[in-house]
Amino acid sequence: MTVHALECEQWVPCSPETTFELFSDAFALERITPLWLSFRMLSSRPIEMRAGVLITYALRLHGLPLKWLTRIEVWDPPYRFVDVQLQGPYRQWVHSHTFVPQNAGTTIVDRVRYQLPLGVLGELARMTIVRRDLERIFDYRQGAVARALGVPREARFLSRKAP
């Protein structure tokens, strides 16, 4: 099975502490996820973010209802955290979030390593649907993060390396 990678970078004119604060609220994920995914948290408030915490949410992907369970593997505020899918649509999903002080702001680096189930059929789905969906999700997310942090449009810098 092939493990694929997606990497996105986004610079915001905010400190790592301010930037990380947005991500330290698990419920902020609802605000930075595209509406077309019908994303909602199933875990109860409050969630004390730390290594080992489990977070459950639901979404709809191309009309299919899915539950997703993640565990925070690494929690190193305000510089890094890693979440791993324990249950969900992927055979493997490891999402590393890094917050790098840079140019009087922060570069947010998202790195996702993922693997699809179903062998050749999964790979065909990745090439025709999944890759495009991930690009759309992360493009939306970068704009939503900037808006949530109050970053003016002209100050936004986004980049993505294809999955």
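This is a predicted model: local features need pLDDT of at least 70, side-chain atom pairs count only at pLDDT 80 or more; totals for chains, interfaces and linings use all residues.
## Overall fold

The protein chain has 163 residues, and buried residues make up 46% of them. Its secondary structure comes to 3 helices and 8 strands. Read along the sequence, these elements follow the pattern β-α-α-β-β-β-β-β-β-α-β.

Residue F138 illustrates how parts of the chain that are separated in sequence can be related in space. F138 is found in helix α3. With a relative accessible area of 3%, F138 falls under the 20% limit and therefore counts as buried. F138 and T33 are 105 residues apart in sequence, while their C-alpha atoms are 8.5 Å apart in space.

## The largest pocket

The largest pocket holds about 880 Å³ of space. Its lining consists of 42 residues, and those that lie nearest the centre of the pocket are L59, W68, P89, Y90 and W93. Several elements give two or more residues to this lining: the helices α1 (16–23), α2 (28–31) and α3 (119–148), together with the strands β3 (54–61), β4 (64–76), β5 (80–87) and β6 (92–102). Helix α3 provides the largest share, with 10 residues.

By residue class, the lining of the largest pocket divides into 32 nonpolar, 6 polar and 4 charged residues. Two of the residues nearest the centre, W68 and Y90, return below as members of an aromatic cluster.

## Aromatic contacts

Across the whole structure, a search finds 14 aromatic pairs. One of them joins F39 and Y57, whose ring centres are 4.6 Å apart; their planes meet at 45°, so the pair is tilted. This pair links distant parts of the chain, since F39 lies in the loop between α2 and β2 (40–41) and Y57 in strand β3, 18 residues apart. F39 is buried, with a relative accessible area of 13%. Y57 also counts as buried, at 8% relative accessibility.

A further pair is formed by F81 and F99, with ring centres 6.4 Å apart and planes at 20°; the angle is under 30 degrees, so the pair is stacked. Here too distant parts of the chain are linked: F81 belongs to strand β5 and F99 to strand β6, 18 residues apart. Both F81 and F99 are buried.

## Charges over rings and cysteines

The charged end of R136 sits over the ring of W36, at 4.2 Å from the ring centre. That of R147 sits over the ring of Y140, at 5.7 Å from the ring centre.

The structure holds 0 disulfides. Among its cysteines, C8 has 1% relative accessibility and therefore counts as buried. C14 likewise counts as buried, because its relative accessibility is 11%.

## Backbone features

Most residues other than glycine have a negative phi, and most peptide bonds are trans. Against this background, several positions in the chain deserve mention. The peptide bond from R45 to P46 is cis, with omega near -15°, and P46 lies in the loop between β2 and β3. The peptide bond from P77 to P78 is also cis, with omega near -5°. P78 is placed in the loop between β4 and β5.

S38 has a phi of about 50° although it is not a glycine, and its place is in the loop between α2 and β2. With a relative accessible area of 38%, S38 lies between the limits of 20% and 50% and so is partly exposed. For H62, which is likewise not a glycine, phi is near 55°. H62 is located in the loop between β3 and β4.

Conventions: Residues are numbered from 1 along each chain as its sequence is written. Side-chain values use heavy atoms; hydrogens and water are left out. On a 1 Å grid over the protein atoms alone, a cavity is a set of points where a 1.4 Å probe fits but cannot get out, and a pocket is an open set with protein on both sides within 12 Å along at least five of seven lines; lining residues have an atom within 4 Å of a point. Grid points are joined across faces, edges and corners, and a volume is the space filled by probe spheres set on the points. Helices (H or I, at least four residues) and strands (E, at least two) are DSSP runs, numbered from the N terminus. Ala, Val, Leu, Ile, Met, Phe, Trp, Tyr, Cys and Pro count as nonpolar, Asp, Glu, Lys and Arg as charged, and the others, Gly among them, as polar. A disulfide is a pair of cysteine sulfur atoms within 2.5 Å. Buried means under 20% relative accessible area, exposed over 50%, partly exposed in between (1.4 Å probe, protein chains only). Rings of Phe, Tyr and Trp (its six-membered ring) pair if their centres lie within 6.5 Å; planes under 30 degrees apart count as stacked, over 60 as edge-to-face and the rest as tilted. A charge sits over a ring if NZ of Lys or CZ of Arg is within 6 Å of the ring centre and within 35 degrees of the ring normal.
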